[in-house]
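Thanks for asking me to look this over with you.

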2 protein chains.
Amino acid sequence: MSKLLILGSIAFDQIETPFGKTDVIMGGSANYIALAASQFEVPQAVLSIVGSDYPKSYLNLLSQRGIRTEGIEVVEGGKTLFWSGKYHNDMNQRDTLDTQLNVITNFNPVVPEDFRDAEVLLLGNLHPNLQMDVLQQMSSRPKLVVMDTMNYWMNHTWELLQEMIAKVDVLTINDEEARQLTGEYSLVKAAQRIIGMGVKYVVIKKGEHGALLFHKDKVFYAPALPLAEVFDPTGAGDAFAGGMVGYLAKTADYSFENLKNAIVHGSNIASFCIEKFGAERLLNLNKEELYRRLQQFKDLTQFDIQLK
Amino acid sequence: MSKLLILGSIAFDQIETPFGKTDVIMGGSANYIALAASQFEVPQAVLSIVGSDYPKSYLNLLSQRGIRTEGIEVVEGGKTLFWSGKYHNDMNQRDTLDTQLNVITNFNPVVPEDFRDAEVLLLGNLHPNLQMDVLQQMSSRPKLVVMDTMNYWMNHTWELLQEMIAKVDVLTINDEEARQLTGEYSLVKAAQRIIGMGVKYVVIKKGEHGALLFHKDKVFYAPALPLAEVFDPTGAGDAFAGGMVGYLAKTADYSFENLKNAIVHGSNIASFCIEKFGAERLLNLNKEELYRRLQQFKDLTQFDIQLK
């Protein structure tokens, strides 16, 4: 069992899908990651920032699950990051309708004293400067540093991003972003290029088409579970990452073999996330459901061909 | 070991990809299906039609592999079906530049006497009338009837197509076509609707995103192998179907468990097909290569999570 430290955003989200429209609800990568990871009951802390408009009850939803929240700065009189978006029939695509950065533009994360030795560090999709800052606050180099990023940082902070990527063990990135980062269309070649940047494991997220894990010349694939209804994909990628690091922190085994299991767990938790709006399903999820659906992942993928 | 009978097209193809452009080469679904199935050394015959412009040497490429060709009608003075197409960077999409149906518009397939009792019948993507005609020529109902179709027949022969679908065991169809056929965006729901039309197994082909097998309330997924180079996707779907029926004919086991193995074999052979232009790679493929790559499919998909 390892300690897990998560850097990410906390936001108000307003989401529209073909199935309906939400009020302003709790969102942001840190919420999804932490709630997913909490299924593995590891000691974890979140680094983030909110305004005083963010309900204390939302923070309590984390602390009730054993997630330490004193690393979440509350800015008196400040407004919380706001995002609204709209999905169409093809849930792999979305339009951002509005983004208000608000307090997150002045975020200076401070790692709680007793999490400076966390073995697993997840640097969520934020400015590479913030990711670097948190890494430097660690008392010793964590056993596993996982970093998520997106095209925005490639467009605006290319040099910094490269520098940051060279310092991490696992880069999680979606397929289009992997192509943009490397100039390679083939995901196999893109992953090889990213490994060449100094990363040990590359996880390429393909939304409803699952996720690929690359390490040296090896590759493993975790499909997404085919579902009759995809209600709201918001947060699925973060829930995937949270399931992955939660499992890794619980097992404290950072081998390729165990990373395989970790991305299956990630896919499994993500498959629940998309069944309801926002983080609602993650807030109402138990281990029995998780393990029942893991059996479905086995049934979906395991075959028995005898090789001569 | 069962006999395998294949109805399909034989064509001249001209293909352009980002990697180059071919001369006029051998193509058509029947060639890809039969060459893929021939890896399993089952007794097989092809029903198709060509003009006298089609080289005898191309037909010999089939007969040398034990594929019976007397069901391929040669129309004296006739011209062979011609197709040309162009792929862009995203190899999942292609533009058809030209189609000349030629002799295939007057095709009256005649099943060779000793294949009227074939246990496995593959009805390739042609007019449903031709598919029905061949099925009716069988002396008894084959143990397994597999049918492939496409959006063209949905647009032009809807009623006939429905009638035909109700008579088969396995429908292979791509994702967009499954959506068109059923009006359901979710592939899970689409498959359920197709099963409701009277089909036992539905195989939904998703190109580089693999293939899904549905049966009752069960689902299995065979990924495509992630490749550094996709040279030419032409025929990959047919090679997939050929590998699938070849394996099923060899094992004469039409259970869901064995269908799972069959679509892995199909994905495996398809992964070779796309490495060279047209059918070139299928013509130079041996069992050692196939089994070596099957091990890669195992490594890609098999994991070992203990369920509590």
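Predicted model: local features only at pLDDT ≥ 70, side-chain atom pairs only at ≥ 80, totals over all residues.

1. Arg179(B) has 19 other C-beta atoms within 10 Å, and 20 or more would be needed to call a residue buried, so Arg179(B) counts as partly exposed.

2. You will find Arg179(B) in helix 6 of chain B, which covers residues 175–182. Leaving aside residues up to four places away in sequence, Arg179(B) touches Glu184(B), Tyr185(B) and Ala190(B). Lys189(B) is 10 residues from Arg179(B) in sequence, and their C-alpha atoms are 9.2 Å apart.

3. Next, have a look at helix 3 of chain B, residues 128–137, where Pro128(B), Gln131(B) and Val134(B) are buried. Viewed down the helix axis, the buried residues lie within an arc of 125°, so they line one face of helix 3. In general, an α-helix has 3.6 residues a turn, so residues three or four places apart point the same way.

4. What do the buried residues of helix 3 of chain B pack against? Their partners in chain B include strand 1 (4–7), strand 5 (44–51), helix 4 (151–156) and helix 5 (158–165). On the face turned away from the buried side, helix 3 carries the exposed residues Asn129(B) and Gln136(B).

5. Finally, the two chains meet: 29 residues from chain B and 29 residues from chain A take part in the contact. On the chain B side, helix 11 gives the most, with five residues. By class, that side has 18 nonpolar, seven polar and four charged residues.

How values were computed
Residues numbered from 1 in each chain as written. Chains lettered and ligands numbered in written order. Helix = DSSP H or I, 4+ residues; strand = E, 2+ residues; numbered from the N terminus. Buried ≥ 20, exposed ≤ 12 C-beta atoms within 10 Å, placed from the backbone. Contact = placed C-beta atoms within 7 Å. Arc of directions from axis to C-beta. Nonpolar A, V, L, I, M, F, W, Y, C, P; charged D, E, K, R; others polar.
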